[in-house]
Structure formats: C-alpha cells, structure tokens
Amino acid sequence: MPMTIDRLLSPSSLAAVPRTSRRTLLAALASTPAIPALAQFRVEVTGVGLTQLPIAIAAFKGEGQAPQKISAIIQADLERSGQFRAVDTAGVQLDETSRPDVAMWRQKSADSLAVGSITRLADGRYDVRFRLWDVVKGQDLGGQGFAVTTGDLRLVAHRISDYIYEKLTGEKGVFSTRIAYVTKAGSNYRLWVADADGENAQSALSSPEPIISPAWSPTGTQLAYVSFESRKPVVYVHDVASGRRRLVANFRGSNSAPAWSPDGNSLAVTLSRDGGSQLYLISAQGGEPRRLMQSSGIDTEPNFSSDGRSIYFVSDRGGAPQIYKVPASGGSAERVTFTGNYNISPSVSPDGKWLAYVSRVGGGFKLHVMDLGTGTVNAITDTTADESPSFAPNSRLIVYATLQQGRESLMTTTLDGKIKARLAGQGGDIREPDWGPFQRQ
C-alpha cells in the first residue's frame, strides 16, 4: 500500500519503498536514488519535429585516428535538440580549409554544412578546427579552433555544437552544460556530474547513506543536496571543483528539498523544525532560516521563478497534492495547477514561460508542461513512471527520470514531446536529474 505524504522515511525504510509508492510521497526525503550508471551512455533519438533544419556534418579529417569521433558527437547533440535533421554525408572528405560544392549539398537538401579536422600535436594535445557553411546562400558562417588534451575532446565537440546551434537558430546551445544525478549500487550512493548528453560522468560524492535532491547553483560551481549520513536528512552545499562542502541546514526534524535563488545567495528548503513540513529561506552559507508562510498542510519541493520573485511548491493544503506559488518574500499562496488531482515536482523554465511537473493520470505518473501565459497544459510523454523534470538553461529541453521498457533511465524531451532522447546506462538505474546553468567559457 502506498505510504502517506506526511510519513518521514528512515534510511532503512527508504530503500524498501516500491518505485510506484515512492511517487505518493511529496517530501523530498522520498526520492530514492538508484543503481549506478556506466561511464558510457547510449543516446537514442526518437520522434520527428515539425520544423527541423537539415544539416550535413561531414566526418572530420583525421578523426579516425582520434580518441573521440567529433562529428558523431556534434550530430547527436544537434539531433537531440529537436531543431535539426542530419543529412547523409557518407564518403565525403572535407575539412575546414575546403570550399564545398554548395550545389551538390543543395541537391542533398542540406541547408547548412559543418566540416573540420583533428590533428595530434607534438605535445600530445589535439588541434581541432571546424567551419560552418550556409549552403543555401553559399556563405561562410565562420569557425573555431581549439588545442586541447584528450580529456577535453568531448567538451570541444559540445562547444562546436553550441556554436552551430546559435548561428543557425539565434539561441544559445546547451550542449556544453552539465547535469547532475544520483545512483545507488548495493549500499553505496553516488552523486554524479556528467555532460549534458550523459557522457563523461564523474563521481562528485560517495556515501553509504542516501543522497537525494541535487540542485545546481546559478553559477554552476556548487551543488546543494540532502544527505542521510548523520542518520537524518540534512542539507549540504558542495563545491564541485574542490569537493569541499559545508553544512547549511541541520535543524531538529527533517531538512530537505533545497532550491537556489537566482542570485545564489539563499536556498529555499523544507524543514519540519517547528512541526509539519514547511517552507523556509536560508542563507546559502547557513544561519537562521526565515519561514515563508503559515500552513496547516505539507509544503515542499520549492522551485524559484527565473526572476526570483516567486517560489513554486507542492502542498496538500487543499486535500491533495497541487502546485502553488508564493512571493519569495512570503505571504499568501496562489494555486497554479487545476487539471488533475495529484500534481508534484514543479520546475519553472529559465525564460519564465513554462512549468513542467508530474501529474498522476490513472495509475501512472506523466510529465506535463503548462504554458504559464495561457494556463494550457499538455501531457508530453507516453510513459507512466516519470519524475524529477528539470529544464535546460535555454528553456528548450527538459531532462527527467522515467521507467522505460522495465529500466529506469534519464530522458530528454522537447517541450512538445515530439523529440525524445534516452540516456541509459547498460546495467544501472539513474535518478533525480538536475540540469545545470550555462557554462562560462
């Protein structure tokens, strides 16, 4: 039988709760991490968008002898965005110094063409160069060059993808950003940081006790999360580069569900120190928290609006879990969701236009997207065990966890649900993704 939302779980009972039952728990304590991901992920892009731009990405000269196939990474990035459709380039040999036969590429129905090369330097680094062409206009759209170590080849590929995306769509690409997620292997829990495509995963923290609710800081240098290592849920802030961390919230009762303010100065958290689970604001350095409002219900899963003026959250104050918002300064709450009788896990897009959340439909849990301007709501998945949506920093994609073909995995989706990409470890389950901000170059 599903557990009720007001029951706080001990670490031992946390692992025993079935996945479906866990979705009935509003408190952030109830998100159980999963089994470890492998270092390499398989990306499967499915669906067809309505206005995809046809692009040809020729094999980079010399990439056959390089550790990473740069052109394949770029193609996967662009296809996953939902904005591009790859044109076949089999047998084509071009590099950034070549002037392409634009008439031939027009016949292939390509609007643009990316070419490049990769060369090993005497010091062991790699010289990576590329150029982008507008095939329709026969115009050189510029290029870039990088000299990098083997370990940075994937990052270079993602930055080339960002360049192409921005040149052709006018919006910033998110391919060089990072995601965080949690896994569980036996009795060991890990917090991971990976590329936006799920590759190149690095362990940020390992613990014999549950780690849940990772949340990126606005600068992308820190992660807030909840740890049970002291046999109760407490909130830490972790510096990703150094591994140093600080304890932010360790009050009586539970301390959970951290969410950063856009300026990075404070965190919204759920505390039960004064009875019940209520929302508070606390300095990112720690200190005395400030309660946002008085409520007889359970308030949890806070998420700031992009302008920092409002906090969206989940509450059962009306009898069933729904999403509300309250001014960040405190005050009266306003109900946001009215479709469905069980709505949780709000995530507001960085551009402030969209709200992603999980709604119970029948016996399943499906990802929904609301247009905050009109209130229109659409279910955008055909799976029934979705959780933990998080927007890309350009507001064009959502990463979420789900159960697909019997396996827990991460997915990305466009806002209309038409293009999805699966990022799945071959032998493990992945949980609680959070998409980080734009990276500083």
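This is a predicted model: local features need pLDDT of at least 70, side-chain atom pairs count only at pLDDT 80 or more; totals for chains, interfaces and linings use all residues.

Q: Is Ser388 buried or exposed?

A: Buried: the relative accessibility of Ser388 is 15%, and the cut-off for buried is under 20%.

Q: And Glu301, what's its phi?

A: Phi of Glu301 is near 55°, again a positive value in a residue other than glycine. Glu301 sits in strand β18, residues 299–304.

Q: Buried or exposed, that Glu301?

A: Glu301 has 17% relative accessibility, so it counts as buried.

Q: OK, switching to the sheet. In what order do the 5 strands of the open sheet run?

A: The order is β3-β2-β4-β5-β6, and the pairing is mixed.

Q: Which strands are at the edges, and why do they count as edges?

A: Those are β3 (84–87) and β6 (139–148). Each has a single partner strand, so one side of each has no neighbour in the sheet.

Q: How much does the twist average from one strand to the next?

A: The twist averages 25° per step from strand to strand.

Q: In what sense do β2 and β4 pair, parallel or antiparallel?

A: Parallel: β2 (residues 53–57) and β4 (residues 112–120) pair that way over 3 bridges. To put residues on it, Ala56 stands opposite Leu113 in β4.

Q: Which strands does helix α3 touch?

A: Helix α3, residues 70–80, packs on the sheet and touches β2, β3 and β4. The direction of α3 makes about 170° with that of β2.

Q: And what about helix α5, which strands does that one touch?

A: Helix α5 (residues 153–169) packs on the sheet too, touching β2, β3, β4, β5 (126–134) and β6. The angle between the directions of α5 and β6 is about 160°.

Q: Now rings. How many aromatic pairs does the structure hold?

A: There are 6 aromatic pairs. One of them is Phe130 with Tyr163: the ring centres are 5.2 Å apart and the planes are at 85°, so that pair is edge-to-face.

Q: Where in the chain do Phe130 and Tyr163 come from?

A: From distant parts: Phe130 is in strand β5 and Tyr163 in helix α5, 33 residues apart.

Q: Are those two buried or exposed?

A: Phe130 counts as buried at 2% relative accessibility, and Tyr163 counts as buried at 17%.

Q: How are Phe313 and Tyr324 arranged, stacked or edge-to-face?

A: Stacked, with 5.9 Å centre to centre and 25° between the planes. Phe313 belongs to strand β19 (residues 310–315) and Tyr324 to strand β20 (residues 322–327), 11 residues apart. Phe313 and Tyr324 are both buried.

Q: What sits over the ring of Tyr324?

A: The charged end of Arg317 does, 5.3 Å from the ring centre. Elsewhere, the charged end of Arg273 sits over the ring of Phe251, 5.0 Å from its centre.

Q: Last one: which residues form an aromatic cluster?

A: Phe84, Tyr165 and Phe175 form one aromatic cluster.

Technical notes
Residues are numbered from 1 along each chain as its sequence is written. Side-chain values use heavy atoms; hydrogens and water are left out. Two strands pair if DSSP finds at least two bridges between them. Helices (H or I, at least four residues) and strands (E, at least two) are DSSP runs, numbered from the N terminus. Axes are lines fitted to C-alpha atoms, for helices over the stretch in contact, and angles run from 0 to 180 degrees between N-to-C directions. Contact means heavy atoms within 4.5 Å. Buried means under 20% relative accessible area, exposed over 50%, partly exposed in between (1.4 Å probe, protein chains only). Rings of Phe, Tyr and Trp (its six-membered ring) pair if their centres lie within 6.5 Å; planes under 30 degrees apart count as stacked, over 60 as edge-to-face and the rest as tilted. A charge sits over a ring if NZ of Lys or CZ of Arg is within 6 Å of the ring centre and within 35 degrees of the ring normal.
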